[in-house]
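Here is a short briefing on one protein chain. Keep the structure in view as you read, and look up each residue when it is named.

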Amino acid sequence: MTDRDAALQMGTDGLEALVTALREAGRVVIGPTVRNGAIVLAEITGGDELPYGWGVELEAGHYRLRPRGDGAAFAHSAGPQSWKNFLHPPRERQWSADRGADGRWTISAEKPEPPSYAFLGVRPCDLRAIAVQDRVLTGGPHADAAYRGRRRRAFLVVVECTEPGATCFCASMGTGPAAGEGYDLALTEIVDERGHRFLVRAGSDEGRAVLAGLPCRPASPQTRAAARDGVAGAADRMGRTMPPADLRDLMRETLEARRWDDVASRCLTCGNCTMVCPTCFCTNAEDVTDLTGNHAERWRRWESCFDLDFTHLPGGSVRTSGRSRYRQWATHKLGTWHDQFGSSGCVGCGRCIVWCPVGIDITEEAHALYRERAETPETGT
């Protein structure tokens with residue numbers, strides 16, 4: 001028996017009950033909601049704050065909300081934020097220092113109690129992105145204690161995709177549209193002639209405990225079939241694909257390709273792609289002081305490999321051209337990430353495509369490199 005065969009089903013009242021149960025357990029519930037013309041991730045206090053009846057229109061460099069007639073809550077693709085914003089915040093204080101009347105400094109490390117988050121509406125691609133960041137920030141000898149504390153207390157409610165966006169390519173990356181491992185609860189939304197409902201199943205003991213308190217009943221064969229068909233259909237309707245190649249080899253074998261010059265002529269090196277990417281993790285240290293010079297703080301903030309000073313050394317920056325910086329980002333994301341962390345750094349969410357101000361599309365660039373490699377005997381395989 002599969003987990004879908006053992007799944008339960010609930011109505012929209014179940015979402016309200018789920019939010020209530022998570023909040024009563026002391027968790028801060030973060031979910032998608034409509035604000036300022038976009039579906040963003042923010043704290044919600046009730047199921048009615050979810051984006052019922054809203055979808056999104058996506059293309060390279062283009063994002064618009066659009067109303068839906070079916071009232072679905074999760075029929076939208078990834079927005080400008082990911083769960084990285086909460087697990088690995090854009091800016092975080094590391095320590096503060098104060099100088100006393102005797103001239104001595106007192107340094108206080110920042111050790112706040114990590115929040116207990118419940119993430120509602122995690123897409124399968126973002127579920128994989130969280131797993132990728134887990135390996136980066138909690139693996140090895142230099143684990144990030146702050147990230148580990150937030151991650152350990154997080155409760156993940158994943159929602160499988162039944163309607164991919166025009167810039168989605170998770171099927172090419174093996175990260176969706178079905179949910180992989182690592183969730184506490186998984187939902188599949190169904191809206192058809194039988195009504196608006198959710199197939200729901202647990203993936204952890206804590207998830208099973210929460211599920212036991214929700215207004216559920218055994219899933220009907222029709223509901224299980226509709227959920228299965230919806231997810232399978234989404235895999236066939238991806239808006240983008242990656243080329244049929246080992247991307248790690250492709251990146252390694254096209255380092256001198258002409259295509260890098262082409263994309264460099266369009267790239268603004270603004271770093272938007274790294275800011276919205278759910279797996280990019282680079283940070284920098286920023287020291288600040290007050291006007292008196294008696295109080296100082298160190299903050300960790302997100303950094304981008306598109307920043308000219310990202311590779312600054314005493315002799316100057318290593319990557320001075322836009323070509324070298326875009327190539328570094330793309331080849332690391334699709335290629336050398338495997339060497340460091342044992343997986344791809346791309347999960348196929350498509351955010352870098354949507355939020356690039358000039359519409360650069362990483363899948364288009366990969367296809368162009370694939371074609372150029374095939375046409376160049378000395379680099380072809």
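**Loops, sheet and overall form**

T269 lies in the loop between helix 9 (259-264) and helix 10 (272-276). The model shown here is predicted. T269 has a phi near 50 degrees, a positive value in a residue other than glycine.

**Other loop residues**

- N36 sits in the loop between strand 2 (28-35) and strand 3.
- The phi of N36 is also positive, near 55 degrees, and N36 is not a glycine.
- N36 counts as exposed, because its relative accessibility is 82% and the exposed class begins over 50%.
- P177 is found in the loop between helix 5 (170-173) and strand 10 (185-192).
- A cis peptide bond links G176 to P177, with omega at about 5 degrees.
- A178 belongs to the loop between helix 5 and strand 10.
- With a relative accessible area of 34%, A178 is partly exposed.
- A178 and A235 are 57 residues apart along the chain, and 8.5 Å separates their C-alpha atoms.

- Strands of a sheet pair through backbone hydrogen bonds, and they can run parallel or antiparallel.
- In which order do the eight strands of the open sheet lie? The order is 3-2-8-9-10-11-1-12, and the pairing is mixed.
- Strand 3 (38-43) and strand 12 (217-218) are the edge strands, since each pairs on one side only.
- Strand 1 (residues 8-11) runs antiparallel to strand 11 (residues 195-202), and four bridges join them.
- Within this pairing, L8 stands opposite V200 in strand 11.

**A hairpin**

- Strand 4 (residues 54-59) pairs with strand 5 (residues 62-67) in the antiparallel sense.
- Six bridges hold this pairing.
- How many residues lie between strand 4 and strand 5 in the hairpin? There are two residues between them.
- G61 is in the turn and has a positive phi of about 70 degrees.
- W54 stands opposite P67 in strand 5.

**The whole chain**

- The chain contains 13 helices and 16 strands.
- Why does the radius of gyration agree with a compact globule? For 381 residues, such a globule would have a value near 21 Å, and the chain has 23 Å, which agrees.
- Along the principal axes, the C-alpha atoms fill a box of roughly 70 × 65 × 40 Å.
- Of the 381 residues in the chain, 51% are buried.
- Among contacts with a separation of 6 or more, 71% come from residues 24 or more positions apart.

**Surface and charge**

- The chain has 46 positive and 50 negative charges.
- The mean positions of the positive and negative charges are 2 Å apart.

Technical notes: Residues are numbered from 1 along each chain as its sequence is written. This is a predicted model: local features need pLDDT of at least 70, side-chain atom pairs count only at pLDDT 80 or more; totals for chains, interfaces and linings use all residues. Side-chain values use heavy atoms; hydrogens and water are left out. The radius of gyration is taken over C-alpha atoms; the globule rule is 2.2 Å times the number of residues to the power 0.38. Buried means under 20% relative accessible area, exposed over 50%, partly exposed in between (1.4 Å probe, protein chains only). Contact means heavy atoms within 4.5 Å. Lys and Arg count as positive and Asp and Glu as negative; His and the chain ends are not counted. The place of a charge is taken as NZ of Lys, CZ of Arg, CG of Asp or CD of Glu. Two strands pair if DSSP finds at least two bridges between them.
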